Amino acid sequence: SHKGTVIATPIDDTTPSTIPSLLDTLRKEQVHLKQQRVPNSTLIPLPGEMELFAEGVRQLKTYITSREQSDLRTARALLDQVQYDVEEVTGQFVVLRERVPPRGWGLYVIALQTPTGVGVEVPAPLDEWGTAEAGVRLFQALRGRTLAIAGSGRTTNTDGSADVLTNPHTIYQTFHKIQARRNVLQIRGITPEAEHGLRQAAGAQAADQEVSRQTRLWITSDL
């Protein structure tokens, strides 16, 4: 698959009316997201919970094709068992939101109109400033098919289990395997750790370039 890195420029705020609704949803979730900074506050899903979530997401894929309310009800019943609410936003998106109190499992959006678009992923919204909002805006600007925003910090749990980039046994990775196995745009912010990895991947030429950690955002196409 194609892999690349680019610098994102600011996105004009004159975007379609669906953006404020998604941004409002994100801003509400950020209040709960900040709670996941508390050490060891992210719960690890059990295998049965990951399977219920996976089956619920598969059923939503069926609903998007069929538009049968019975399929949507089935999806909601499955996701209800893992404390996720399913909401339609502006008639264009299905949003999967954790109930309060959150367990750090993430926020997920599936487009109803663009099932073949790009999948947008934000794996470290607490660690990399601005990436969650950038993800929402790019999801809309690119007419994405899915949006996944992790629900905890990479180091929230001291054993590393909350890091969705290294732990495959998470709700975030479950969603990725079903909805975003190809054509994925992963949003990453510049931190010293991320910059080091990007420089290593880009080689010596990148190591000679100055990168501003305060004003730039790297975007990579793979998880």
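Q: Which residues form the positive surface patch?
A: Lys61, Lys177, Arg181 and Arg182 form it. Patch residues have over 30% relative accessible area and no salt bridge, with like charges joined within 9 Å. A salt bridge puts a side-chain nitrogen of Lys or Arg within 4 Å of a carboxyl oxygen of Asp or Glu.

Q: Where do the numbers come from?
A: This is a predicted model, where local features need pLDDT of at least 70, side-chain atom pairs count only at pLDDT 80 or more, and totals for chains, interfaces and linings use all residues. Residues are numbered from 1 along each chain, and side-chain values use heavy atoms, leaving out hydrogens and water.

Q: Where does lysine 177 lie?
A: In helix H5, residues 171-179. Helices are DSSP runs of at least four residues, strands of at least two.

Q: Why does lysine 177 count as partly exposed?
A: Because its relative accessibility is 42%. Buried is under 20%, exposed over 50%, partly exposed in between, with a 1.4 Å probe.

Q: And glutamine 179, buried or exposed?
A: Glutamine 179 is buried, at 8% relative accessibility. It also lies in H5. Its C-alpha is 8.6 Å from that of lysine 61, though they are 118 residues apart in sequence.

Q: New topic. How many residues of helix H4 are buried?
A: Nine of eleven, so H4 (residues 131-141) is mostly covered by the under-20% rule. Among them are Val136, Leu138 and Phe139.

Q: What comes just after H4?
A: Arginine 143, with a positive phi of about 55 degrees.

Note on methods
Patch = residues over 30% accessible without salt bridge, like charges linked within 9 Å, V, L, I, M, F, W, Y side chains within 5 Å. Areas by Shrake-Rupley, 256 points an atom, 1.4 Å probe, with all protein chains shown as cover. Lys, Arg positive; Asp, Glu negative; His and termini not counted. Charge placed at Lys NZ, Arg CZ, Asp CG, Glu CD.
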